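Take a look at the protein below.

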Amino acid sequence: MPIMLTRKEKIAYGLGDTASNIIFQTVMLFLTFFYTDIFGISPAIVGTLFLVVRVIDAITDPLMGALTDATRTKYGSYRPYLLWLAIPFGLVSVITFTTPDLNATGKVIYAFVTYTLLMLVYTAINIPYSALGGVLSRDPSERVSIQSYRFVFGMLGGLLVSACTLPLVSWFGKGDNALGYQLTMILMSCFGVILFLTCFRFTKERVVAPQQQTLSLKAQMATLWQNGPFKILCGAAIMLLTSMVLRTTLAIYYVKYVLGEADLVTQFVTLGMIGNILGCACAQPLSKRVDKKAAYIYLQYISAAISCFAFFLSDDQLVLAFAVYFLWCFFTQMATPLLWAKMADAIDYGQWQNGHRLTGLVYASVVFFIKLGLALGGAIAGWLLAYYGYQANTELNEATKAGILTSFTLFPAIGSVLVALIMKRYILDNNTLEKINADLAQRSST
């Protein structure tokens, strides 16, 4: 019988994503705005910055995945990195949101260096954290439960960010927003460090790789690329995050300039984060009633329809605009635990296919494509703002507002439809997974 995790351990694992999301959601919701309106660099440069850093990730992500798979300590292969890197992660987060007294060129260089460091340390702690979720249990249903806890608590971190960031910036800065962002990140980073250490303390690795598994990184990559479900997940991840980040990045601009309600930005993104949390919480009940593959595809179509509907709202339909954003977040994030549970399923498929369990490398590779989507979404948002003539803290013309509206609604809808079409090729439905796990269990007993 598969080991069922206690609620305490699932909560502890989820708190690790609360810590991660203190930074991840800050980057998604506020970093573009921070760079353009506080730090003082152009949106086109911001877009390029987000994309260039992904070139580095193309190297570091698989290296980190292979490193974690090869790590052997008394704490396991993945948990130790939470202990080792919690404090460095907090420190780098603070300096990224620090505004130095530099000229325009110096600020661009500073932004490139600090954002690169942030993504490097994020890779180093988040990949082993993500992989940890795949080795807490072998049971497919329990994995959905684990990921549901993870993303509920992760989105609680996002709720903290969306609800508290701008008020804390105002309170700490007292008119100096640059100082306000720095002090706010100091407070949030300290909280994140505590949560990572809690996750380390109260979780346990149970699924281990075969002892005879000794492959070079090149051989691991070649083996991994034979895994069809893994490749489908990579394609879905990049498209999903590109459309999702495009929409969340432009949410501030949508409220401030299209709806004309700058004072309601915090309420808007906070309501969306509540939708995220409730959606993640509903993933486990949904997966018990509907095949995970089918559910994921239907949720993408629903998200696309809701995003399209928002395009037709007028700027005076404020309540409806808030409600539609809440529903989009709810249905979009309901699919997220299903996607991450599918990663563990793809790892099982790889072990069943060729005998090699590449947990860290699978998560590292999919996380790379997630971060590539994160970068593309942020880059495209910056480029679109520049293309439509956005100028920070000025009165925008109607063409620019229309461009922001289109970019916030229709483009993400197209992305959701493409994700659904990609996932139709995914072969690991519930019946197939049951057969694979039964075969793996029989192999391990012989």
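The protein chain carries 31 positive and 23 negative side chains. Lys and Arg count as positive, Asp and Glu as negative, while His and the chain ends are not counted. The centres of the two sets lie 10 Å apart. Each charge is placed at NZ of Lys, CZ of Arg, CG of Asp or CD of Glu.

This is a predicted model, where local features need pLDDT of at least 70 and side-chain atom pairs count only at pLDDT 80 or more, while totals for chains, interfaces and linings use all residues. Residues are numbered from 1 along each chain as its sequence is written, and side-chain values use heavy atoms, with hydrogens and water left out.

Now the overall build. The protein chain has 16 helices and zero strands. Helices (H or I, at least four residues) and strands (E, at least two) are DSSP runs, numbered from the N terminus. The C-alpha trace spans about 70 × 45 × 40 Å along its principal axes.

How much of the chain is buried? Of the 446 residues, 59% count as buried. Buried means under 20% relative accessible area, exposed over 50%, and partly exposed in between (1.4 Å probe, protein chains only).

Next, the core. The largest nonpolar core has 141 residues. Such a core is a set of buried Ala, Val, Leu, Ile, Met, Phe, Trp, Tyr and Cys residues joined through side-chain atoms within 4.5 Å. Tyr 254 and Phe 268 are among the residues with the most contacts inside this core. Helix H8 gives the most to this core, with 19 residues. Beyond its neighbours within four places in sequence, Tyr 254 is in contact (heavy atoms within 4.5 Å) with residues including Phe 268, Ile 404 and Phe 408.

Thr 242 sits in helix H8, residues 228-258. Thr 242 counts as buried because its relative accessibility is 12%. Not counting residues up to four places away in sequence, Thr 242 touches Gly 373, Leu 376, Gly 377 and Ile 380.

Finally, find Leu 217 in helix H7, residues 217-224. Leu 217 has a relative accessible area of 30%, so it is partly exposed. Leaving out residues up to four places away in sequence, Leu 217 touches Pro 62, Leu 63, Ala 66 and Leu 361.
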